[in-house]
Amino acid sequence: MTRSEALFAEAQKYIPGGVNSPVRAFKGVGGTPVFFKSAKGAYLYDEDDRRYTDYVGSWGPMITGHSDERVLAALREQLDQGTGFGAPTEVETAMARKVCELMPSIDLVRMVNSGTEATMSAVRLARGFTGRDKIVKFEGCYHGHVDSLLVKAGSGALTMGVPNSPGIPASLAEHTLTVRYNDIDSVREVFRIHGDAIAAVIVEPVAGNMNCIPPLPGFLEGLREVCDGHGSVLIFDEVMSGFRVALGGAQAHYGVTPDLTALGKIIGGGLPVGAFGGKRAIMEMLSPLGPVYQAGTLSGNPLAMRAGLTVLNAISEPGFHDRLGHMAQRLMAGLSAAAGRAGIPLQVQGVGGMFGLFFTDKGPIAHFDEVMACDTERFNRFFHGMLDKGFYLAPSAFEAGFVSAAHTEADIDDTVLAAESVLQTLG
Ligand SMILES: Cc1ncc(COP(=O)(O)O)c(C=O)c1O
Ligand SMILES: NCC(=O)CCC(=O)O
């Protein structure tokens, strides 16, 4: 028995499924989750002292690599000053200013503790601002475990086979209208019927919770136009894409401006943080300025702000995202060529530091139904083959992968080499 197996057995005695978040449980791919004890740069080290090259990055935050010395130094400094006061601190303003600078669509920003809180609060605010109840989301997009948004959801909800979770009143779910990603006609149709009742459209501008699907040309622009035409709030959920596909997020990369943006992951530098922000007129509806209530005991926690701000400063260095994109491109091109040599149909696609692997002979994947038609059984065998060789991918065919600034060309080339030998066994 490995230490991970022993630890997992013990964990299951006290924690539902042995994990504090379902995507960690290896339910989709089978087998025992790996328990980690440390990480540095591009590498994870498990409880059995095995090293893995990591393409999960704690599900996105670790864009500068694990245990970044700059982040650790900032945390140590803050530790000596106190771990939180439940009162304003200067670093919160520094963080807010930085976010507003990086994303010009954000006039005002409020910090929260997770991506879930960010999208939940953004939806509430949009409803309060418009006085409308209905929201539009896309099948296969995941916005955290918010009641209104766990309808046809992606990520773990999809992996576990529960995209519509029990526990959500039908009277609430009926206000969530679900349409097809990258299909602007389906959006226009739902607006034709319900337009005057729709508070907001929430979208992952690059979908990363049904594998990785970039927006088709015109899709995000179309959402902007439809929302403008009906007085609805356009919410970009950039919890994953923010600061990753470009410094200014997908909104900068594609040049489409949302009304509200939800942020998470990278903004916390590995600590639990989320944020939402946007147009002044909407954000001024928020308590204590306005009537829409939202709060948090630990929101803006100084440890989390220090870590997050350190990472935002690090990724603001010139050339950071060019290098990140170059590494992701090298990986994607390498995997694609390796699959070709091994005779395994594989579609590899991505944006910036974010990528997806689809076991299919179809061309670029743009829609949820095309994702569902891919060979997940082959993905699972690929996943385990890579894990055995010391490469850690997300344990589900429905998750995007991430590279970090700590990955070197040698790391990427080793990954491609390993992948080729695994792919050769998948015929
Ligand atoms: C696009 C997106 N939105 C929201 C969330 C929820 O964030 P959290 O897990 O921090 O609640 C996630 C990931 O979990 C995500 O990928
Ligand atoms: N892409 C999916 C996530 O990032 C979710 C992580 C989690 O729920 O633990």
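Two residues are taken to be in contact if their C-beta atoms, placed from the backbone, lie within 7 Å. By that criterion, in this predicted model, 33 residues of domain 1 are in contact with 37 residues of domain 2.

The domain assignment makes domain 1 from two stretches of the chain, 3-67 and 318-423, and gives 69-315 to domain 2. Between the C-alpha centres of domain 1 and domain 2 the distance is 24 Å.

## The domain 1 side

On the side of domain 1 that touches domain 2, the elements that contribute two or more residues are helix H12 (320-342), strand E11 (347-351), strand E12 (354-358) and helix H13 (368-372). Of this side, E12 supplies the largest share, with four residues. Sorted by class, the side of domain 1 that touches domain 2 holds 18 nonpolar and 13 polar residues, together with two charged ones.

Strands E11 and E12, both of which give residues to the side that touches domain 2, pair with each other in the antiparallel sense over five bridges. In this pairing Gln347 stands opposite Phe358, which belongs to E12. The hairpin has two residues between its strands, and Gly352 takes a positive phi there, near 55 degrees.

## Confidence

The chain has a mean pLDDT of 97, with 100% of its residues reaching 70 or more. For the model as a whole, the scores are an ipTM of 0.99 and a pTM of 0.98.

How values were computed. Residues numbered from 1 in each chain as written. Chains lettered and ligands numbered in written order. Predicted model: local features only at pLDDT ≥ 70, side-chain atom pairs only at ≥ 80, totals over all residues. Domains from an automatic or database assignment. Nonpolar A, V, L, I, M, F, W, Y, C, P; charged D, E, K, R; others polar. pLDDT = per-residue confidence, 0-100. Pairing = 2+ DSSP bridges.
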